[in-house]
Amino acid sequence: MTISAPILWGIVALLLLGLELVTGTFYLLVVALGCVAGGIVAVFTSDVRWAIAACALVTIVGAMVVSRRRRNSRPSTMDFDSGERVEVRDVNAKGEAEVQYRGAPWVARAKTGVLVPGTYAIERVDGARLILVPVD
């Protein structure tokens, strides 16, 4: 008993859909759609190169669409620390200070200018650094 090419493409697509349900990534769904396209092309031609080309084309275009949507739909990072106040006591030679915030030491630097001892508001968090602005 031999399995026809369109059936084989369909089996692979179903296996990928099953993996998609387990992992939750949209990329496996895109590859499964590419396999469906390969199966459709395999119905009309016996040349496997055309089926592979259709699968690749649909997969590449689909991955680009998913990637673009993910990039555009990410919510802007919410900075819960913005506006919180910290006390700068000592400033080192680099113009940075070690401040206590949320029970841990943080490296802080001024958004503009140099830090001097005093009270500052957090404008944003940049990696492991707090970017501070003076409190009016």
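Okay, hi everyone. Some ground rules: because the model is predicted, local features need pLDDT of at least 70 and side-chain atom pairs count only at pLDDT 80 or more, while totals for chains, interfaces and linings use all residues. Residues are numbered from 1 along each chain as its sequence is written, and side-chain values use heavy atoms, with hydrogens and water left out.

Let's start with the helices. Helices (H or I, at least four residues) and strands (E, at least two) are DSSP runs, numbered from the N terminus. Two packed helices are described by the angle between their axes and the distance between the axes. The axes are lines fitted to C-alpha atoms, for helices over the stretch in contact, and the angles run from 0 to 180 degrees between N-to-C directions.

So how do α1 and α2 pack? Helix α1, residues 5-23, sits against α2 at an angle of about 170°, and their axes are 8 Å apart. That makes the two roughly antiparallel to each other (under 35 degrees counts as roughly parallel, over 145 as roughly antiparallel, 65 to 115 as roughly perpendicular and the rest as oblique). Contact here means heavy atoms within 4.5 Å. On the α1 side, the residues in contact include Trp9, Leu16 and Glu20, and on the α2 side they include Phe26, Leu29 and Val36. By class, this contact has 18 nonpolar, three polar and one charged residues. For the classes, Ala, Val, Leu, Ile, Met, Phe, Trp, Tyr, Cys and Pro count as nonpolar, Asp, Glu, Lys and Arg as charged, and the others, Gly among them, as polar.

Next pair. Helix α2 (residues 26-44) packs on α3 (residues 48-73) at about 150°, with axes 7 Å apart. So α2 is roughly antiparallel to α3. Among the residues making this contact are Val30, Gly34 and Val41 of α2, plus Trp50, Val58 and Arg70 of α3. The class count is 16 nonpolar, five polar and one charged residues.

Now, salt bridges. Side chains of opposite charge can pair when their charged atoms come close. Here, a salt bridge is a side-chain nitrogen of Lys or Arg within 4 Å of a carboxyl oxygen of Asp or Glu. How many does the structure hold? Six.

Take aspartate 81 and arginine 102, whose closest N and O atoms are 3.3 Å apart. Aspartate 81 is in the loop between α3 and β1 (85-88), and arginine 102 is in the loop between β2 (97-101) and β3 (104-110), so the pair ties together parts 21 residues apart in sequence. Buried or exposed? Aspartate 81 is buried, at 10% relative accessible area, whereas arginine 102 is exposed, at 57%. (Buried is under 20%, exposed is over 50%, partly exposed is in between, with a 1.4 Å probe and protein chains only.)

Another bridge joins arginine 109 and glutamate 96, at 3.6 Å between the closest N and O atoms. Arginine 109 is partly exposed, at 32%, and glutamate 96 is buried, at 6%.

Arginine 124 and glutamate 123 also meet in a salt bridge, at 3.7 Å from N to O. And salt bridges that share partners join Glu96, Arg109 and Arg129 into one network. Okay, that's me done!
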